[in-house]
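Thanks for coming, everyone. I have one structure to show you today. Please bring it up on your screens.

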Amino acid sequence: DFLARILLWIYDVFHRLTSSAGLAVILMTLVVRGGLMPLSIRNQLSMRSHGRKVSKLKPKLDALKKRFPNDPRRFREEQVKLMREHGVGFPFGCVMMLLQIPIFMALFGSLRIEYALRHEAFGWITDLSAKDPWFILPVLMMLSSLFQVWLNPTPPDPMQAKMMWFM
């Protein structure tokens with residue numbers, strides 16, 4: 001609720017400045033994304049660093065898998081020991097993403113309850129509170145998501161790369 005009030009205040013400022021609900025939503029989203037940019041950058045750097053460290057250990061991890069094929073508990077113990085020896089810790093990129101989730105939930109929730117969006121037109125959309133009649137926004141979102149995945153470095157693990165594209 002606290003975050004939603006702040007976001008609605010930002011929306012109101014931009015709506016008064018531009019007199020357009022659509023532009024106000026876009027500008028508010030840009031402000032939120034810009035404010036979260038340091039967390040996103042830190043997340044990316046942490047994940048890249050972790051990926052580099054793990055890729056250097058890959059031959060040793062593969063050797064451990066061969067040594068303990070039928071003992072997963074022992075393999076995990078040896079894996080943790082190996083990673084500690086080489087200074088590879090838990091990737092905190094997931095934690096950074098978890099910090100962003102409440103903010104995006106508040107952004108979505110604040111826009112869902114904002115009464116001023118009802119019957120406001122923007123571009124081809126006649127009512128910002130209704131679904132997109134031409135299905136253009138979901139397609140644009142999907143294309144921008146694919147573009148973001150394409151910009152990210154390819155993970156060393158092929159399964160992770162496939163999962164990123166699938167997600």
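Predicted model: local features only at pLDDT ≥ 70, side-chain atom pairs only at ≥ 80, totals over all residues.

Let's begin with the salt bridges. How many salt bridges does the count come to? The count comes to four.

Go to helix 2, residues 21-67. Find Asp 62 and Lys 58, whose side chains meet in a salt bridge. The distance is 3.6 Å, N to O. Both residues lie in helix 2, four residues apart. That spacing is about one turn of the helix. Asp 62 has 30% relative accessibility, so it counts as partly exposed. Lys 58 is also partly exposed, with 42% relative accessibility.

Next, move to helix 3, residues 72-85. Here the side chains of Glu 77 and Arg 73 meet in a salt bridge. What is the N to O distance for Glu 77 and Arg 73? It is 2.5 Å. Why are Glu 77 and Arg 73 separated by about one helical turn? Because they sit four residues apart in helix 3. Glu 77 has a relative accessible area of 40%, so it is partly exposed.

Stay in helix 3 for Glu 78 and Arg 74. Their side chains also form a salt bridge, at 3.2 Å, N to O. Again the two residues are four apart, about one turn of the helix. Is Glu 78 buried or exposed? Glu 78 is buried, because its relative accessible area is 14%, and buried means under 20%.

What does Glu 78 touch, leaving out residues up to four places away in sequence? Glu 78 touches Leu 64 and Phe 68.

Lys 65 has its place in helix 2. Lys 65 is partly exposed, with a relative accessible area of 49%. Now pick out Gln 79. Lys 65 and Gln 79 are 14 residues apart in sequence. In space, they are 9.2 Å apart, C-alpha to C-alpha.

On to the charged patch. Which residues form the positive surface patch? They are Arg 48, Arg 52, Lys 53 and Lys 56. Take Arg 48 as the example.

Last, the loops. Start with Ser 19. Where does Ser 19 lie? It lies in the loop between helix 1, residues 2-18, and helix 2. Phi of Ser 19 is near 60°. That is a positive value, in a residue other than glycine. Ser 19 is exposed, because its relative accessible area is 63% and the cut-off for exposed is over 50%.

His 119 is found in the loop between helix 4, residues 93-113, and helix 5, residues 136-151. What is phi of His 119 near? It is near 65°, again positive in a residue other than glycine. At 67% relative accessibility, His 119 counts as exposed.

That is the tour. Questions, please.

Conventions
Residues numbered from 1 in each chain as written. Heavy atoms only, no water. Patch = residues over 30% accessible without salt bridge, like charges linked within 9 Å, V, L, I, M, F, W, Y side chains within 5 Å. Areas by Shrake-Rupley, 256 points an atom, 1.4 Å probe, with all protein chains shown as cover. Lys, Arg positive; Asp, Glu negative; His and termini not counted. Charge placed at Lys NZ, Arg CZ, Asp CG, Glu CD. Buried < 20%, exposed > 50% of the residue type's maximum accessible area, 1.4 Å probe, protein only. Contact = heavy atoms within 4.5 Å.
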